[in-house]
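Here is a walk through one protein model, taken a piece at a time. Keep the viewer open and follow along.

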Amino acid sequence: MALLQSRNSQRWSFYRPLSGHKPVLVGQRGWYLVVLGILSCIVFIYISIGYIGFHPELPKMNFVRVNGTQLMLDGKPFYVNGWNSYWLMDQAVEDYSWPRVLEMFQIGENMGLSVCRSWAFNDGAYHALQVSLGRFNERVFKALDKVVVEARRHGIRLLLSLVNNLDAFGGKSQYVRWAWEEGISLTSSNDSFFFDPAIRSYFKTILTRKNHLTGIEYRDDPAIFAWELINEPACLSDATGDTLQDWLEEMAAYVKSIDKKHLLTVGFEGFYGPASPPERLSMNPSDFYGRTGADFIRNSKISDIDFTSVHIYPDQWLKKANFSEKMKYISKWVSIHIEDCDTELKKPVLFTEFGLSSDHKDYDPAKRHIFYKSIYDAVHNSAKNNGAGGGALIWQFLARGMEKYNDDFGIFPDSRQPMYKLIKHQSCRIAEVNYKQDILKTPYKDICQNN
């Protein structure tokens with residue numbers, strides 16, 4: 001039903017006489033049942049075909065740019081309040097789960113959120129986009145097409161991650177297995193991924209994909225906010241960081257050679273590596289995180305990387321710390337990354353994942369509220385001062401009926417929740433920074449009037 005309620009839905013009508021049947025007189029109640037039956041068939045067909053032959057009138061969008069430490073849209077600073085729903089493409093494949101995607105974008109629009117981060121990869125898993133090296137499932141690609149169109153219909157942009165460093169949805173380990181099985185790799189080590197040329201083919205296929213609904217190639221679609229090279233990269237076999245740095249430089253240049261319109265980020269967590277000064281290395285949660293092969297400053301200096309990213313998970317990083325100690329640490333973690341981007345990197349930074357675990361023995365929803373508010377306050381303070389703190393994307397939102405997809409950070413948004421109100425309030429604060437006196441001319445006029 002959500003499809004029929006969307007503002008760009010087409011009205012379909014048809015009449016198909018049945019030959020060989022005599023006219024039947026139908027009473028008033030009978031006509032009601034006939035009409036109801038026809039409408040039910042239309043809804044079923046509409047959902048089943050999944051937009052085939054449907055070309056909605058999409059709202060005008062321009063590409064987001066970068067000017068120094070700020071994201072820019074239409075010549076004005078563009079600070080972000082967003083969320084993660086990694087599962088959008090997966091849930092767009094089947095008719096029964098597609099309404100969850102519709103619900104999620106409607107919630108995002110209602111909350112004034114501007115960017116959603118999601119996976120544009122699924123390598124060899126259920127609903128795989130890439131079923132083997134260089135072979136793609138067109139049905140799943142069409143699902144991603146639908147996600148891009150639906151995001152744009154709701155005025156939301158997508159931050160699409162291209163591959164996973166972790167094993168979920170295939171990840172780099174799946175590339176290594178494929179290459180090993182096909183005899184085109186000399187080693188089965190996970191880190192051999194960073195030498196595998198197959199990833200180039202995958203990136204090119206995604207970037208030049210032509211949306212079957214709009215005819216627009218992904219690289220030309222402003223509904224895509226930015227590309228993320230890899231989720232949480234690490235190369236533990238080379239603590240110097242050289243292997244990962246070489247791969248990032250090569251892949252960033254390759255992506256930009258194909259797509260010069262979109263922004264590009266790495267997707268790392270923000271750990272400092274051996275090339276960083278000692279005072280920054282000491283800010284890592286432990287010594288281990290300085291030996292992952294990633295280096296926030298060195299990696300972010302790559303010229304083809306437009307903005308940096310940071311993740312924030314105090315429960316995973318500081319297992320023995322109490323809540324007060326975690327809050328003190330996170331305050332410093334956020335501030336030093338904004339400072340690095342303001343002063344040394346001269347690029348925006350987005351906190352593209354943050355969460356507080358509900359599985360922790362001391363979990364309290366009030367503590368989660370305090371933690372999330374601290375992130376939002378830091379971003380808002382940076383934005384008010386035209387700083388590099390470009391935005392924050394909460395991990396993660398789920399739609400109704402997705403309990404099995406939940407992790408210990410998941411949120412099912414509900415307008416009655418204090419968390420919902422907190423996130424919406426941040427959207428309105430950010431909108432005030434972005435639009436200033438022009439906010440009354442934007443959709444935020446209605447979203448924020450009672451906020």
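Start with a pair of helices. Helix H13 covers residues 365-384, and helix H14 covers residues 418-435. Their axes come within 10 Å and cross at roughly 0 degrees. H13 and H14 are therefore roughly parallel to each other. Bear in mind that this is a predicted model.

Now look at the side chains between them. From H13, the contact draws on residues including Arg 368, His 369, Tyr 372, Lys 373, Tyr 376 and Asp 377. Val 379, His 380, Ala 383 and Lys 384 in H13 also take part. On the H14 side they meet Pro 418, Met 419, Leu 422, Ile 423, Gln 426, Arg 429, Ile 430 and Val 433. Sorted by class, the contact of H13 with H14 has ten nonpolar, three polar and five charged residues.

Pick out one of these residues. Arg 429 sits in helix H14. Is Arg 429 buried or exposed? Its relative accessible area is 17%, so Arg 429 counts as buried; the cut-off for buried is under 20%. Beyond its sequence neighbours up to four places away, Arg 429 touches Tyr 376, Asp 377 and His 380.

Next, turn to another helix pair. Helix H4 spans residues 98-110, and helix H5 spans residues 138-153. They pack at an angle of about 25 degrees, and their axes are 10 Å apart. That angle makes H4 roughly parallel to H5, because angles under 35 degrees count as roughly parallel. The crossing of H4 and H5 is right-handed.

Which residues meet here? H4 brings Trp 98, Val 101, Leu 102 and Phe 105. H5 brings Lys 146, Val 147, Glu 150 and Ala 151. Six residues of this H4 and H5 contact are nonpolar, none is polar and two are charged.

Now the sheet. Eight strands form an open sheet with parallel pairing. Read across, the order is E10-E9-E8-E5-E4-E13-E12-E11. Strand E10 (263-265) and strand E11 (308-312) stand at the edges. Each has a single partner strand, so one side of each is left without a neighbour in the sheet. From one strand to the next, the twist averages 25 degrees.

Finish inside the sheet, at E4 and E5. Strand E4 takes in residues 80-84, and strand E5 takes in residues 115-119. The two run parallel and are joined by three bridges.

Technical notes:
Residues are numbered from 1 along each chain as its sequence is written. This is a predicted model: local features need pLDDT of at least 70, side-chain atom pairs count only at pLDDT 80 or more; totals for chains, interfaces and linings use all residues. Side-chain values use heavy atoms; hydrogens and water are left out. Axes are lines fitted to C-alpha atoms, for helices over the stretch in contact, and angles run from 0 to 180 degrees between N-to-C directions. Helices (H or I, at least four residues) and strands (E, at least two) are DSSP runs, numbered from the N terminus. Angles under 35 degrees count as roughly parallel, over 145 as roughly antiparallel, 65 to 115 as roughly perpendicular and the rest as oblique. A crossing is left-handed if the near helix is turned anticlockwise from the far one by less than a right angle, and right-handed if clockwise. Contact means heavy atoms within 4.5 Å. Ala, Val, Leu, Ile, Met, Phe, Trp, Tyr, Cys and Pro count as nonpolar, Asp, Glu, Lys and Arg as charged, and the others, Gly among them, as polar. Two strands pair if DSSP finds at least two bridges between them. Buried means under 20% relative accessible area, exposed over 50%, partly exposed in between (1.4 Å probe, protein chains only).
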